[in-house]
Amino acid sequence: MLIRPAKRSTLAGRHTAIVIDGFLRSGNTYSVAAFQVANGFAPHVGHHLHGGAHVRRAVRLGLPTVVLIRKPADAVSSYLVRRPSLTPDDALLEYLDFYRTAWPARDGFVVAPFAQVVSDFGGVTDRVNARFGTGFARFSGDPESHAAALALVEEMNRQECGGELVETHVGRPSAARERRKEQVQDLMQRPRSQELLARADEMFARYDALAE
């Protein structure tokens, strides 16, 4: 698969301990941060490629793999705040492409819904350990570990954005971003966007059923 040079350090390989990936704004950064808070930085994590081909690569290599899912209206509206040059249709097509591409490998990954990621990432780890026979440490989710994960999320954002904390990009709740998301969601009321959103909702339901 073709990737940008800057992403090579997070590409899954035989040295990778776990792969955590999903469509943008689906809890990617928080998941990686929570895993690293619990397990340290030594295990290599494949993450943030945001492509179904990355998931299929991970499964082909036999790696413990987590696919993150979030309701498309929420994920796409958050994504468009970050990438205002895109249209809702562009983003919805990207959403569909990710999950359609990953779907054939569904027997080789664990599905983690956004709601569980942000409220009980330890439960995600439990399912990974049960599915793959791994012994990853469980993220406790107590106030101290949660604060450590959020601090790591902000540090990742600074690394990505030249040392600056950018509210439209950072992978944690932001009041400024929520206001903009409401405006973006209005744009998704157009007929073509509603058609794509319905297809994305169907795809989400398939993955959500796997999580159950």
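Author: Residues are numbered from 1 along each chain as its sequence is written, and side-chain values use heavy atoms, without hydrogens or water. In this predicted model, local features need pLDDT of at least 70 and side-chain atom pairs count only at pLDDT 80 or more, while totals for chains, interfaces and linings use all residues.

Reader: What makes up the secondary structure of the protein chain?

Author: Nine helices and four strands. Helices are DSSP runs of H or I with at least four residues, strands are runs of E with at least two, and both are numbered from the N terminus. The order from the N terminus is β-α-β-α-β-α-α-β-α-α-α-α-α.

Reader: How do you know which residues of helix α2 are buried?

Author: Buried means under 20% relative accessible area, exposed over 50%, and partly exposed in between, with a 1.4 Å probe and protein chains only. In α2 (residues 52-60), Gly52, His54, Val55 and Ala58 are buried. They are on the same side of α2 because they cover an arc of only 155 degrees around the axis, taken from the directions from the helix axis to the C-beta atoms. Their cover includes β1 (16-22), β2 (44-47), β3 and α4. Of the 212 residues of the chain, 49% count as buried.

Reader: Why is the set with Phe23, Val67, Val76, Tyr95, Tyr99 and Tyr207 called a nonpolar core?

Author: A nonpolar core is a set of buried Ala, Val, Leu, Ile, Met, Phe, Trp, Tyr and Cys residues joined through side-chain atoms within 4.5 Å. The largest such set has 31 residues, and the six you name have the most contacts inside it. At least two residues each come from β3 (65-69), α3 (72-82), α4 (88-102) and α9 (191-211). A second, separate core of 22 residues includes Tyr30, Val110, Phe121 and Ala149.

Reader: What is Val67 in contact with, leaving aside neighbours within four places in sequence?

Author: Contact means heavy atoms within 4.5 Å. The partners of Val67 include Asp21, Val55, Phe98, Tyr99 and Tyr207.

Reader: What makes a space in this structure a cavity?

Author: On a 1 Å grid over the protein atoms alone, a cavity is a set of points where a 1.4 Å probe fits but cannot get out. Points are joined across faces, edges and corners, and the volume is the space filled by probe spheres set on them. One cavity of 30 Å³ or more is found. Lining residues have an atom within 4 Å of a point; among them are Ile18, Phe35, Val66 and Phe136. Helix α6 (residues 121-132) gives the largest share of the lining, four residues.

Technical notes. On a 1 Å grid over the protein atoms alone, a cavity is a set of points where a 1.4 Å probe fits but cannot get out, and a pocket is an open set with protein on both sides within 12 Å along at least five of seven lines; lining residues have an atom within 4 Å of a point.
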